[in-house]
Amino acid sequence: IMKEEFIELLRSTKREGIENLLAFLEKSDFYTAPASTRFHGNYEGGLLEHSMKVYEIFNEKIKNSGLNTPDDTVKIAALLHDICKTNFYKTDYRNAKNALGEWEKVPYYTVNDTIPYGHGEKSVMMLTEYIKLTNEEKYAIRWHMGFTEPKELYGTLGEAYKKYPIALLLNEADLEATYFYNI
């Protein structure tokens, strides 16, 4: 149901190229990937669940902000901010003791970054292969990681947040989904 809702939200944007983007997502692991290896949403389907929760929170923040942000921008920025995590994780196995104290192989997620291009900037790059993004969408997605960026970029980050306040709101929504909901 969550996958269908995600697809319907993106289709409703009627953005040129959205069907090609959805075809890419369908062939990828986007709908089954974790949101991280061990911090939040580190389970099958975590990335989809995280993206939907970020959208829910971001949508409310935009409504309460007084900003005149188009619905399409809210959907695209929130739902696709972490598209860079598509085909990014792989499952590996390690030995661990089970409840009976016996050793067994258990799965865990590791990173397999075949496109080392950063995080937010990689999401922007991947999206622009399929759809045209507005400047507001590009900045919001690029800077959604906020102050986890290297400290040398804090000045640039601050300027981006002044120029495009939705970037700050997307960062807040991402943090809330991660830390309040552990998704």
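A strand here is a DSSP run of E residues, at least two long, and strands are numbered from the N terminus. Valine 106 is found in one of these, strand β2, which covers residues 103–111. The model is a predicted one.

## Around valine 106

Start with this one residue. Valine 106 and asparagine 95 are eleven residues apart in sequence. In space, their C-alpha atoms are 6.2 Å apart. Which residues does valine 106 touch, leaving aside its neighbours within four places in sequence? They are Asp92, Tyr93, Arg94 and Ala96.

## Helices that pack together

Two packed helices are described by the angle between their axes and the distance between the axes.

| Helix pair | Angle between axes | Distance between axes |
|---|---|---|
| α1 (residues 2–11) and α4 (residues 71–80) | about 140° | 9 Å |
| α3 (residues 46–65) and α4 | about 145° | 8 Å |
| α5 (residues 120–128) and α6 (residues 135–142) | roughly 140° | within 7 Å |

Take α1 and α4. Their axes are 9 Å apart, at an angle of about 140°. That angle makes α1 oblique to α4. The crossing of α1 past α4 is left-handed. On the α1 side, Phe6, Leu9 and Leu10 make the contact.

From α3 come Ser51, Met52, Val54, Tyr55, Phe58, Asn59 and Ile62. From α4 come Val74, Lys75, Ala77, Ala78 and Leu79. By class, the contact of α3 with α4 holds nine nonpolar residues, two polar and one charged.

Now α5 and α6. Their axes cross at roughly 140°. The two helices are therefore oblique to each other. Gly120, Glu121, Ser123, Val124 and Leu127 of α5 meet Lys138, Ile141 and Arg142 of α6. This contact of α5 with α6 has three nonpolar, two polar and three charged residues.

## The largest pocket

Rolling a probe the size of a water molecule over the atoms shows where empty space is left. How much space lies in the largest pocket? The value is about 390 Å³. The largest pocket is lined by 20 residues. Phe39, His40, Lys85, Met145 and Thr178 are the closest of them to its centre. Which helix gives the most to this lining? Helix α8, residues 165–179, does, with five residues. By class, the lining of the largest pocket has seven nonpolar residues, ten polar and three charged.

Notes: Residues numbered from 1 in each chain as written. Predicted model: local features only at pLDDT ≥ 70, side-chain atom pairs only at ≥ 80, totals over all residues. Heavy atoms only, no water. 1 Å grid on protein atoms, 1.4 Å probe; cavity = no way out; pocket = protein on both sides within 12 Å on 5 of 7 lines; lining within 4 Å. Points joined across faces, edges and corners; volume = space filled by probe spheres on them. Helix = DSSP H or I, 4+ residues; strand = E, 2+ residues; numbered from the N terminus. Nonpolar A, V, L, I, M, F, W, Y, C, P; charged D, E, K, R; others polar. Axes fitted to C-alpha atoms, helices over the stretch in contact; angles between N-to-C directions. Parallel < 35°, antiparallel > 145°, perpendicular 65-115°, else oblique. Left-handed = near helix turned anticlockwise from the far one by under 90°. Contact = heavy atoms within 4.5 Å.
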